[in-house]
Amino acid sequence: MKLKMYNMEGLYQSDLPKRAILVYMYLSDRAGKEGQCFPSVPTIARQTKLSEATVHRAIKDLEKGGFLYVTGRQRPNGADSSNLYTLTNAEPGW
């Protein structure tokens with residue numbers, strides 16, 4: 001089941017840069033019904049054709065704008081893993 005982005009107009013009308021909108025759309029496309037996904041920054045960068053630094057900036061933009069929560073994750077051995085991204089403007093269903 002895909003997520004319906006119910007507040008895209010708010011995203012578009014925000015002062016967020018295009019990079020943040022692109023990353024939000026990418027994450028939304030990968031998110032499950034709870035609005036969560038956990039792709040790595042290198043994966044996001046490769047698939048959106050953005051640099052990793054630009055993806056990091058976009059994620060910070062989305063966090064600051066209230067469109068995204070980021071939660072760090074760790075593997076069972078204590079090593080860092082990709083972050084968990086929770087979209088705040090996603091609604092289950094189409």
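At what angle do helix 3 and helix 4 pack? Keep in mind that you're looking at a predicted model.

Start by selecting residues 41–48, which is helix 3, and residues 52–64, which is helix 4. They pack at an angle of about 105°, and their axes are 9 Å apart. Angles of 65 to 115 degrees count as roughly perpendicular, so that's the word for helix 3 and helix 4.

Now show the side chains where the two helices touch. From helix 3, pick V41, P42, I44, A45 and T48; from helix 4, pick E52, V55, H56 and I59. Color this contact by class and you'll get six nonpolar, two polar and one charged residues.

Stay on helix 3 and keep V41, I44, A45 and T48 selected: these are buried. They sit on the same side of helix 3, because they cover an arc of only 100° around the axis. Why does that spacing work? An α-helix has 3.6 residues a turn, so residues three or four places apart point the same way. To see what the buried residues of helix 3 pack against, bring up helix 2 (18–30), helix 4 and strand 4 (84–87).

Next, click on K49, which follows helix 3: its phi is positive, near 65°.

Time for the salt bridges; the whole structure has two. For one, select R19 and D61, whose closest N and O atoms are 2.9 Å apart. R19 is in helix 2 and D61 in helix 4, so this pair ties together parts 42 residues apart in sequence. R19 is partly exposed, at 26% relative accessible area, while D61 is buried, at 17%.

Finish with R30 and D29, whose side chains meet in a salt bridge at 2.7 Å, N to O. R30 is partly exposed, at 38%, and D29 is partly exposed too, at 39%.

Terms used
Residues numbered from 1 in each chain as written. Predicted model: local features only at pLDDT ≥ 70, side-chain atom pairs only at ≥ 80, totals over all residues. Heavy atoms only, no water. Axes fitted to C-alpha atoms, helices over the stretch in contact; angles between N-to-C directions. Helix = DSSP H or I, 4+ residues; strand = E, 2+ residues; numbered from the N terminus. Parallel < 35°, antiparallel > 145°, perpendicular 65-115°, else oblique. Contact = heavy atoms within 4.5 Å. Nonpolar A, V, L, I, M, F, W, Y, C, P; charged D, E, K, R; others polar. Buried < 20%, exposed > 50% of the residue type's maximum accessible area, 1.4 Å probe, protein only. Arc of directions from axis to C-beta. Salt bridge = Lys/Arg side-chain N within 4 Å of Asp/Glu carboxyl O.
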